[in-house]
Each structure stands twice: as structure tokens, then as C-alpha cells.
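The model comes first, and my entries come after it.

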Amino acid sequence: MSFKQQCVELSDGRLMPLLGYGTFQNPEIPASKILESTKIAIDIGFRHIDSAYVYKNEKEVGEAIRSKITGGVVKREDIFLTTKLWSTFHRPELVRVGLERSLKSFQLDYVDLYLIHYPISIKAMEKCKDAGLAKSIGVSNFNRRQLEMILNKPGLKHRPVCNQVECHPYLNQSKLMDFCKSQDIVLVAYAALGSQRPTNWVDKNAPFLLNDPVLGGMAKKHNRSPAQIALRYQVQRGVVALAQTYEQKEMKENIQVFEFQLPSEDMEVLDGLNRNFRYFPVNIAAEHPNYPYSDDY
């Protein structure tokens with residue numbers, strides 16, 4: 001099966017590639033770097049591109065996608081593009097405004113998936129889907145309680161198709177994953193390889209996931225990279241994994257995640273690495289009543 005066929009079906013019937021290219025960037029990295037790396041990712045075979053308004057690089061991501069469409073590398077329908085509604089657009093009358101601003105930056109007519117970035121306030125985005133501006137809608141950084149608030153909403157027309165959360169062997173989100181599966185909600189893992197460690201988000205003393213000796217030993221055993229093991233762990237669980245790197249060699253390695261499988265005993269060992277550690281605890285919002293990480297899951 002080719003990479004393009006490695007997809008998960010969303011509850012609305014659309015297909016999402018199991019491996020995505022993440023475009024979150026350190027503030028120290030120029031947006032032009034994202035432009036070039038996104039072009040390379042598409043050339044290598046990535047068809048799922050994950051972006052967000054708050055990343056401040058939608059213009060460059062859109063330019064990369066459009067250049068590859070113009071060059072005949074892909075068609076628009078080949079690309080699964082995600083972006084996210086930032087917290088400054090949470091009032092119902094601003095939700096569509098926020099999406100239209102993103103589309104203007106992308107210079108595209110629609111996104112494939114529009115997510116509520118953080119559950120600081122809860123609101124509907126169904127009108128964006130009805131208008132065709134977003135093919136699917138979902139959420140990010142929601143816990144079980146907050147997902148249930150949406151699922152139990154009277155008159156709900158479009159269920160969230162996914163929940164994008166931090167997820168990696170140090171934070172495997174097994175309880176949340178099981179709940180999402182029971183509700184036909186796809187779990188999407190950001191920071192699947194740990195983190196680039198941006199100083200304004202991540203503690204400088206945080207452990208380096210890809211330096212973990214268990215990951216390293218397993219990589220050596222299978223003649224793979226630690227990143228490939230971490231990504232294979234996710235896709236084998238049915239979790240969509242977002243991988244980010246600016247290095248072409250690493251992109252090529254990451255996309256090879258579908259060329260091998262991990263035996264069940266290795267999956268159990270990786271499960272055992274869980275320590276409920278977050279690279280992105282977002283402590284600045286810890287006192288908010290909808291702070292998503294205050295619940296067990």
C-alpha cells in the first residue's frame with residue numbers, strides 16, 4: 001500500500017492521511033524556512049499539512065502548496081490541509097471571520113480540517129462546514145469532559161471528527177485515545193517526536209524523547225531511527241502522527257514509517273515509557289475554568 005493510501009476514515013466519511021507534516025516553528029526560525037521545508041515535504045510525498053493561525057506562517061504554507069499545484073506535483077484535492085481557530089476568534093460571530101482570514105493567508109478556497117485550537121471557550125463551527133470553507137471540523141487540546149460537552153450539545157449537527165493533542169511515548173494518552181475511539185473521534189498526535197523545545201513554550205530541562213535509551217535500543221533492533229519508532233508506535237495504534245523536521249533526510253526517513261511493523265511486545269514496551277509528561281503544559285492558562293489539562297483525561 002502506498003503512502004497516499006495510508007489514511008484513516010473520519011466520521012464524516014472523509015479520509016485523513018495517518019502521517020502529517022507539522023508546521024509549528026520556533027520564533028527564532030524564519031517563516032521562509034517553513035516555505036521551503038513544506039515544499040520539500042510535498043515533493044517527498046507528504047499530503048497532510050498541519051498549520052494554525054497562531055503559527056504565523058499560513059501565508060508561507062499556502063504559498064508552498066500553491067507552488068506545487070502550479071508545478072503539477074499535486075492537485076488541491078491531493079492535499080489534506082488543517083488549520084486552527086485561535087482563542088481571539090472564539091465569539092460565534094468571529095469564528096467564520098477567523099477562518100476567512102486564514103484562507104486569505106493561504107490564498108485557498110477551503111481547508112480540509114478546521115480545529116478549535118484550545119477549549120478556552122466552547123463554540124460551534126458548524127456554519128464553516130456548511131459554507132464549504134472547511135470540509136471537516138474538529139477540536140484540539142480537549143479532554144474527555146470537554147468532548148462530552150460538545151457531543152451532548154442539543155441540536156448538534158456535525159460531530160468533531162478528531163481531537164489533536166500532545167501525544168508521544170512519554171504521554172501516550174491511552175485513556176483519551178480509548179474514549180475517542182469509542183466516540184468515532186480520531187486522535188491526532190502533535191509533538192509525536194517530542195519537541196523542538198521553543199524557549200517560550202518548553203522547559204529547557206525537559207527530556208529529549210528521541211534520546212531515550214529504550215527508543216534507541218528498539219531503533220537499533222529494527223535498523224530504524226528513533227523517530228521512525230516513535231511514529232510507527234502512533235500509526236500502529238490508529239493515531240494520526242504529525243512529524244516536523246526541516247531536514248530532507250529526516251523527512252524521507254519519517255515517511256518510511258509504513259514500511260515496517262512493531263511486534264506486540266515492542267508496543268507494550270513503548271506503552272511502558274508513559275510518564276504523563278507534557279512538553280506543552282500551557283501554564284499561562286492553568287487558572288482558566290476550561291484549562292484542558294486539569295482533568296485525568
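The entries below go from the whole chain to single residues.

**Ground rules.** I am working with a predicted model, in which local features need pLDDT of at least 70 and side-chain atom pairs count only at pLDDT 80 or more, while totals for chains, interfaces and linings use all residues. I number residues from 1 along each chain as its sequence is written, and side-chain values use heavy atoms, with hydrogens and water left out.

**Overall build.** I looked up the secondary structure and found ten helices and ten strands, these being DSSP runs numbered from the N terminus (helices H or I, at least four residues; strands E, at least two). I then checked the radius of gyration, taken over C-alpha atoms, against the globule rule of 2.2 Å times the number of residues to the power 0.38. For 297 residues a compact globule would have a value near 19 Å, and the 18 Å of the protein agrees with that. The C-alpha atoms fill a box of roughly 55 × 45 × 35 Å along the principal axes.

Of the contacts (heavy atoms within 4.5 Å) with a separation of 6 or more, 73% join residues 24 or more positions apart.

**Strand β10.** I looked at residues 240-243 and found both faces covered, with Val 240 and Leu 242 buried on one side and Ala 241 and Ala 243 buried on the other. I then asked which strands pair with β10, counting a pair if DSSP finds at least two bridges. Strand β3 (residues 19-22) runs parallel to β10 and is joined to it by three bridges, with Tyr 21 having Ala 243 as its bridge partner. Strand β9 (residues 186-190) also pairs with β10 in the parallel sense, over two bridges, and here Val 188 is partnered by Val 240.

**Asn 172.** I found this residue in the loop between β8 (162-166) and α6 (174-182), where Asn 172 is buried, with a relative accessible area of 4%. Leaving aside neighbours within four places in sequence, Asn 172 is in contact with Cys 167, Tyr 233, Arg 237, Asp 271 and Asn 274.

**Asp 266.** I placed this residue in helix α10 (residues 264-271), and Asp 266 is buried too, at a relative accessible area of 5%. With neighbours within four places in sequence again left out, the contacts of Asp 266 are Met 218, Lys 221 and His 222.

Note on methods:
Buried means under 20% relative accessible area, exposed over 50%, partly exposed in between (1.4 Å probe, protein chains only).
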